[in-house]
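Look over the sequence and the model before reading on. We will start inside, step back to the whole chain, and then visit a few single places.

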Amino acid sequence: NLVRELIARNHDVVGLVRVGSNHEGLEGLAVKKVFGDVRDAQAVLDAARGCEIIIHLAAVYAWAGTLEEIVEPAVQGIDHVLKAAKEVGCTRVIHTSSIVAVGFSESPVIRGPDDWNHHSDEPYIIAKMKSEKVAWQKAEELDVPLVVINPSGIIGRHDYKITPSNGFVLDIIHGRGTRFKGGLNYVDVRDVAQIHADAITQGTPGERYIVAGPNLSVSDFADAICS
């Protein structure tokens, strides 16, 4: 979705993709593919050469897994991205974090960009929080302009892999979901892509931007997608 948005805005796009990963979403698009892994510093540097902007989206999106499997790639990835950006002279890095790094309210208090989620033992939440903290620290050390995007649960078109976000939606549609007490927040992937593209020229380095939809109870959300 982001590649499509960038191409529509006449950007030349280079994509760092893993060998053997699903590239179905990129079929037919004018994107140059460079094969590698964000855990490989040289691969990231090779992909970054000639680029003005790096948008870093890579992460292990899973709730089940170990800290090593989920947290380490997140921290290594942003470290390699920022070092590559510094070496090739990128004008800014846009890092995709998550609303889970901002955290959740158990009372009617709205959380915002100044809030952090320091109270979780979930590897994915730890990965997002820790990698964003590393991003801000490294960006300051290296003097790399950094903008951070914090989306809520992302759903929408061109998603060819079951993730915790769309898996929950599919479970509800097929009658497998549980309408537990609580709330959630989802956002259309097209909005997330547009905000990332806007951040190239309109994002202010040093700022983090929450990209979210309406806060809904689980029951209201289930009613909306099943109606």
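Three helices and strands, α3 (67-88), β4 (92-96) and α4 (123-142), each supply at least two residues of the lining of the largest cavity. Helices (H or I, at least four residues) and strands (E, at least two) are DSSP runs, numbered from the N terminus. A cavity is a set of points on a 1 Å grid over the protein atoms alone, where a 1.4 Å probe fits but cannot get out; its lining residues have an atom within 4 Å of a point. α4 gives the most to this lining, with 4 residues.

Keep in mind that this is a predicted model: local features need pLDDT of at least 70, side-chain atom pairs count only at pLDDT 80 or more, and totals for chains, interfaces and linings use all residues. Residues are numbered from 1 along each chain as its sequence is written, and side-chain values use heavy atoms, with hydrogens and water left out.

How many cavities of 30 Å³ or more does a search of the whole structure find? The search finds 1. About 70 Å³ of space lies in the largest cavity. Such a volume is the space filled by probe spheres set on the grid points, which are joined across faces, edges and corners. Among the lining residues are His56, Ile70, His95, Tyr124 and Lys128. By class, the lining has 7 nonpolar, 4 polar and 1 charged residues. Here Ala, Val, Leu, Ile, Met, Phe, Trp, Tyr, Cys and Pro count as nonpolar, Asp, Glu, Lys and Arg as charged, and the others, Gly among them, as polar.

Now step back. The chain holds 7 helices and 9 strands. Its C-alpha trace spans about 50 × 40 × 35 Å along the principal axes. Of its 227 residues, 43% count as buried. Buried means under 20% relative accessible area, exposed over 50%, and partly exposed in between (1.4 Å probe, protein chains only). Contact means heavy atoms within 4.5 Å. Among contacts between residues at least 6 apart in sequence, 72% join residues at least 24 apart.

Next, take helix α5 (residues 164-173). Ser165, Asn166, Gly167, Phe168, Val169 and Ile172 are buried there. What do these buried residues pack against? They pack against β6 (153-155), β7 (183-188) and α7 (218-226). Just after α5, Gly175 takes a positive phi of about 80°.

Ser152 sits in the loop between β5 (146-151) and β6. Is Ser152 buried or exposed? Ser152 has a relative accessible area of 7%, so it is buried. Its side chain makes a polar contact of 2.9 Å with the side chain of Asn185. A polar contact is a pair of N or O atoms within 3.5 Å; within protein, one must be able to donate a hydrogen and the other to accept it, and residues adjacent in sequence count only if both atoms are side-chain atoms. Leaving aside neighbours within four places in sequence, Ser152 also has contacts that include Ile99, Tyr186 and Gly213.

Another loop, between β1 (13-17) and β2 (31-35), holds His23. His23 counts as buried because its relative accessibility is 17%. A polar atom of the His23 side chain lies 3.3 Å from the backbone oxygen of Arg18.

Finish with Glu68 in helix α3. Glu68 is exposed, because its relative accessible area is 56%.

Notes
1 Å grid on protein atoms, 1.4 Å probe; cavity = no way out; pocket = protein on both sides within 12 Å on 5 of 7 lines; lining within 4 Å.
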